[in-house]
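Dear colleague,

I am handing over the structure that we talked about, together with some notes on what was found in it. Please read the notes with the model open beside them.

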Amino acid sequence: RGRGRAGMDDAVASRAHPARGVDGGVGVGCAREARDVLVVLCGVPGSGKTTLARAVCAMIDAGEAVMPSKMSCVSSFEAHHVSVDAHERALRDAAGARPEDAFDAEAWKSARARARARAAELLCDEDDGDEEEDGGDGGGGGASTSRRRRRVRRVVFADDNNYYASMRWEWFQIARERGAACVCAYVVAGDDENGHIPTGGVDIARERNARRASDRVPDEAFSRARRTFEAPSTRSRLDDESSLSLWSFPTVRIDTHACDYDVAVAWASIVAAWGAAPKKLRTAEELESAREETRRNAAHAVDVRSRKAVSLAIARADASSRARVAAIVNDARRELVARVRKAKSADELEALERAFYARVDA
């Protein structure tokens with residue numbers, strides 16, 4: 001349970017297989033569901049995201065993934081695992097980097113960009129299809145060429161921590177542009193409380209990370225998760241296309257530490273949330289409005305987190321230096337919030353907050 005096929009490529013794994021229908025499924029019919037789905041994995045390192053994606057890909061690859069009966073109007077499914085870590089490893093290996101070398105922000109940004117491009121390539125827009133020759137009226141006249149939508153449904157896993165809401169929004173934008181459904185799979189290693197990552201969840205993930213034979217994540221990543229992780233709020237499937245928000249998509253929570261955790265059940269919850277494609281933004285004004293809302297939300301979240309960090313830093317300082325520490329960290333916080341409001345990407349936001357916490361810790 002929870003293990004994928006040995007040797008499966010982290011970057012992409014796919015094969016088409018016939019769907020296995022199940023009566024009484026959760027589907028609402030092919031006309032209401034997008035043909036493809038982008039599953040945005042979200043969770044701290046070690047929570048089980050990659051293991052889940054590999055296992056589901058292996059199930060679909062083997063033709064063992066159960067699908068709702070109303071999805072049986074398509075002939076087969078393809079599973080693709082797009083891993084940011086795999087792209088980052090490839091970039092670092094090409095540059096001759098060693099595993100113990102320091103975090104390379106540029107390699108990480110390039111890896112995320114490559115992964116997003118790969119996902120966009122895999123997902124097809126509603127107008128895409130395969131051209132095939134047709135004999136017209138069948139009477140021996142000239143052949144005509146018509147476009148036919150492919151029958152294969154694609155399931156694309158976007159595997160990254162995606163700990164900022166703005167990072168998840170970037171994936172959502174890809175699904176919107178390509179006419180695919182989008183589901184956030186929030187993977188945790190233990191119970192959460194009030195939408196926040198609990199101490200137990202991070203500690204369990206850290207223990208799993210320590211047991212890895214390779215590709216261990218630096219311990220600093222778990223400290224950063226406690227400070228900066230923006231846990232998504234779970235929401236049910238949005239069936240009515242007219243009610244689909246321009247900025248939100250359904251989220252399912254998957255606890256890989258639960259005693260009854262099962263990959264097939266986890267996959268079923270993702271399938272249940274597989275609905276219509278998000279509304280497309282028709283004008284530049286709508287796109288800018290969406291970006292502005294994302295920036296406002298990000299700035300607010302950073303403001304709340306940075307205030308907590310400032311309070312902790314001041315509390316840790318001794319009485320003789322408390323006033324000086326307060327002035328330094330408050331200046332750093334104001335500079336952070338001001339720059340976050342102008343940030344144009346999740347990558348820039350991550351770099352700004354990383355630099356802020358380095359100053360606070362110092």
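How many of the residues of strand β3 (residues 37-42) are buried? The strand is mostly covered, with 6 of its 6 residues buried, where buried means under 20% relative accessible area, exposed over 50% and partly exposed in between, with a 1.4 Å probe and protein chains only.

Before going further, please note that this is a predicted model, in which local features need pLDDT of at least 70 and side-chain atom pairs count only at pLDDT 80 or more, whereas totals for chains, interfaces and linings use all residues. Residues are numbered from 1 along each chain as its sequence is written, and side-chain values use heavy atoms, with hydrogens and water left out.

The chain holds 10 helices and 10 strands; helices (H or I, at least four residues) and strands (E, at least two) are DSSP runs, numbered from the N terminus. Of its 362 residues, 47% are buried. Among contacts between residues at least 6 apart in sequence, 78% join residues at least 24 apart, a contact being heavy atoms within 4.5 Å.

The strands come next. In a regular strand the side chains alternate between the two faces of the sheet. In β3, Val37, Val39 and Leu41 point one way while Leu38, Val40 and Cys42 point the other way, and all are buried. β3 pairs with strand β8 (residues 152-159) in the parallel sense over 4 bridges, and β3 is also joined to strand β9 (residues 181-188), again in parallel, by 6 bridges; two strands pair if DSSP finds at least two bridges between them. Val37, for its part, stands opposite Val155 in β8.

β8 itself is largely enclosed by the rest of the structure, because 8 of its 8 residues are buried. Val152, Arg154, Val156 and Ala158 point one way from β8, and Arg153, Val155, Phe157 and Asp159 point the other way, so that charged side chains are found among the buried ones on either side. β8 also pairs in the parallel sense with strand β5 (residues 76-83), over 8 bridges, and in that pairing the bridge partner of Ser83 is Asp159.

Beyond the end of β8, Asn162 is found in the loop between β8 and α4 (165-178).

Arg35 lies in the loop between β2 (20-22) and β3 and is buried, with a relative accessible area of 6%; Arg35 and Trp274 are 239 residues apart in sequence, yet 9.5 Å apart in space, C-alpha to C-alpha. Thr256 lies in the loop between β10 (251-255) and α7 (263-272) and is likewise buried, at 12% relative accessible area. The side chain of Thr256 reaches the backbone oxygen of Ser47 at 2.5 Å, which falls under the term polar contact (a pair of N or O atoms within 3.5 Å, where within protein one must be able to donate a hydrogen and the other to accept it, and where residues adjacent in sequence count only if both atoms are side-chain atoms). Leaving out residues up to four places away in sequence, Thr256 touches Ser47, Gly48, Val187, Val188, Ala189, Arg208 and Tyr261.

Turning to the helices, the axes of α9 (residues 322-340) and α10 (residues 346-361) come within 10 Å and cross at roughly 180°; axes are lines fitted to C-alpha atoms, for helices over the stretch in contact, and angles run from 0 to 180 degrees between N-to-C directions. α9 is therefore roughly antiparallel to α10, given that angles over 145 degrees count as roughly antiparallel, under 35 as roughly parallel, 65 to 115 as roughly perpendicular and the rest as oblique. On the α9 side the contact is made by Val329, Ala332, Arg333, Glu335, Leu336, Arg339 and Val340, and on the α10 side by Leu349, Leu352, Glu353, Phe356, Arg359 and Val360. These residues divide into 8 nonpolar, no polar and 5 charged, with Ala, Val, Leu, Ile, Met, Phe, Trp, Tyr, Cys and Pro counted as nonpolar, Asp, Glu, Lys and Arg as charged, and the others, Gly among them, as polar.

Asn330 also lies in α9, and at 22% relative accessibility Asn330 counts as partly exposed. A polar atom of its side chain lies 2.8 Å from the backbone oxygen of Ala326, and, leaving aside neighbours within four places in sequence, Asn330 is in contact with Val310 and Ile314.

With best regards
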